[in-house]
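This briefing is meant for a reader who is meeting the structure for the first time. Please keep the sequence and the model at hand while going through the points below.

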Amino acid sequence: MRIGRWVFAVILCIAFCSRIEAFKFHRTQQTERISVEILDKHLGLDFSDFLWVHFGSFSWYDKAGFDVKLRFDSEMRARILFSCWRYLEIQFVGKQIVENGYCIGDAFGCISVAGLRSAGDVLEDDPVGRLKVFVYELPSKYNKKILQKDPRCLTHMFAAEIFMHRFLLSSAVRTFNPEEADWFYTPVYTTCDLTANGLPLPFKSPRMMRSAIQLISSNWPYWNRTEGADHFFIVPHDFGACFHYQEEKAIERGILPLLQRATLVQTFGQRNHVCLNDGSIIIPPYAPPQKMQAHLIPPTTPRSIFVYFRGLFYDVGNDPEGGYYARGARASVWENFKDNPLFDISTEHPTTYYEDMQRAIFCLCPLGWAPWSPRLVEAVVFGCIPVIIADDIVLPFADAIPWEDIGVFVAEKDVPKLDTILTSIPIDEILRKQRLLANPSMKQAMLFPQPAQPRDAFHQILNGLARQLPHDKSVYLKPGEKILNWTAGPASDLKPW
């Protein structure tokens with residue numbers, strides 16, 4: 001009798017597992033089994049001897065149901081996979097976004113993004129009540145007058161320093177009593193010095209920053225208590241407070257000595273780099289929210305572009321011999337894929353640039369002179385999976401945004417294999433990344449809107465500052481104690497501003 005019960009239990013278990021596997025198989029067929037008629041239509045090729053292709057395993061089945069091994073060159077395989085993908089997206093990709101709860105619906109059901117326990121959870125944090133910021137009132141020559149001379153600074157990718165100042169002036173975290181402040185902010189527009197072509201000139205920035213620090217240390221006691229350890233500065237230059245756009249020169253300069261103890265809020269982030277201090281907060285570059293909003297297209301528009309990129313591949317003016325700019329990664333993209341039909345890449349910047357990104361599955365985000373660029377912001381906002389090509393990059397708000405889940409990381413040395421890497425990503429993984437990118441909080445965290453909105457980049461900066469509280473007692477200096485060297489640095493930095 002006991003043996004009979006065991007046999008019955010085993011049979012029941014097998015039946016149950018078979019039921020589960022059958023369900024999985026059915027679901028896989030629903031999402032990955034493609035009729036060859038679709039390929040005939042998209043590619044204009046004759047696959048009439050076959051019945052269907054299993055997209056995930058790239059297995060081909062004839063009309064008798066037998067698995068047939070077919071061989072294709074890499075380009076034809078990529079074209080076939082892309083045709084499968086386009087069909088799947090048109091048929092199955094989610095068209096409905098239910099914003100209350102961020103429930104993204106598609107053929108696989110519904111995933112509640114807000115319910116996933118991941119780095120993205122802290123995107124919802126509200127910094128109000130968790131910190132207080134005192135804003136130094138500086139003479140207008142450090143900020144407002146500079147902007148009046150060149151309003152282009154309001155639309156430049158370094159404009160975060162201007163909008164962060166404006167945000168803090170009316171923010172609920174601002175305090176007018178410096179004795180109760182957790183953080184002190186010095187509003188200096190060090191990037192608002194543009195050439196006729198709109199390129200930033202960082203050469204005056206060190207003198208300007210030194211002048212501002214001398215001013216606050218002379219007129220208020222708070223800098224001298226910690227030598228800046230409870231102060232934060234917005235430094236959105238290419239290489240942050242190293243104040244140079246060429247990496248070699250930036251490394252040679254290093255971070256401005258007077259800022260060594262301060263918390264730096266910067267766009268530049270690269271692990272084990274002299275221009276990135278521990279405790280720095282990495283932020284996205286500024287991209288105009290209103291401009292992007294004006295170019296939105298219907299979310300049901302099929303993504304008919306596999307890989308998209310617009311930008312320089314070579315910087316002949318600054319790198320005439322080639323190979324130094326972008327460490328050769330952009331040049332490699334062009335040389336390997338300029339004739340690949342899956343890659344829509346060019347130096348031309350069309351008027352439909354934003355619309356094109358919304359029609360693309362993958363958007364390349366390679367390094368340039370620095371590892372970051374506004375393309376990262378644009379890709380996230382437009383739901384295009386960012387392909388990040390920048391070794392050791394530290395991404396914006398990495399403690400809040402799950403970059404590994406929404407992006408694809410490709411090592412610079414692997415750029416020649418980019419087509420194989422991208423066409424090998426399973427369809428389920430692509431759809432999952434797109435669902436996460438559809439989370440409104442993910443997009444909002446990358447923007448500096450006017451006026452500010454909950455969960456935007458302003459609030460993510462404040463959240464980052466709040467997470468560093470309370471300050472360790474060791475940051476407060478003893479009477480008469482000095483750590484920073486006011487005379488360190490290049491002689492040109494020591495001249496009056």
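Predicted model: local features only at pLDDT ≥ 70, side-chain atom pairs only at ≥ 80, totals over all residues.

Helices, taken as H or I runs of at least four residues, and strands, taken as E runs of at least two, are DSSP runs numbered from the N terminus.

**Aromatic rings**
- Across the whole structure, a search finds 25 aromatic pairs.
- In one of them, the ring centres of Phe184 and Tyr222 are 5.1 Å apart and the planes stand at 20 degrees, so this pair counts as stacked.
- Because Phe184 belongs to strand E9 (residues 183–185) and Tyr222 to helix H7 (residues 222–226), the pair ties together parts that are 38 residues apart in sequence.
- Both partners are buried, Phe184 with a relative accessible area of 0% and Tyr222 with one of 6%.
- Phe184 and Tyr222 also belong to a cluster linked by ring pairs, together with Phe134, Tyr136 and Trp220.

**Positive phi values**
- Glu227, a residue other than glycine, has a positive phi near 50 degrees; it sits in the loop between H7 and strand E10 (231–234) and is buried, with a relative accessible area of 3%.
- Phe243 is likewise not a glycine and has a positive phi of about 50 degrees, and this residue is buried as well, with a relative accessible area of 1%.

**Cis peptide bonds**
- Gln450 and Pro451 are joined by a cis peptide bond with an omega of about -5 degrees, and Pro451 is found in the loop between helix H16 (440–444) and helix H17 (457–466).
- A cis peptide bond with an omega of about -5 degrees also joins Leu469 and Pro470, where Pro470 lies in the segment after H17.

**A mostly covered helix**
- Helix H15 (residues 427–437) is mostly covered, since 8 of its 11 residues are buried.
- The buried residues of H15 include Ile427, Ile430, Leu431 and Leu436, and among them are also Lys433 and Arg435.

**Cavities**
- The structure holds 4 cavities of 30 Å³ or more, and the second largest cavity contains about 50 Å³ of space.
- The lining of the second largest cavity is made up of Cys365, Pro366, Pro371, Trp372, Ser373, Leu376, Ile388, Ile393 and Leu395.
- By type, the residues of this lining divide into 8 nonpolar and 1 polar, with no charged residue.

Note on methods
Residues numbered from 1 in each chain as written. Heavy atoms only, no water. Phe/Tyr/Trp six-rings, centres within 6.5 Å; stacked < 30°, edge-to-face > 60°. Buried < 20%, exposed > 50% of the residue type's maximum accessible area, 1.4 Å probe, protein only. 1 Å grid on protein atoms, 1.4 Å probe; cavity = no way out; pocket = protein on both sides within 12 Å on 5 of 7 lines; lining within 4 Å. Points joined across faces, edges and corners; volume = space filled by probe spheres on them. Nonpolar A, V, L, I, M, F, W, Y, C, P; charged D, E, K, R; others polar.
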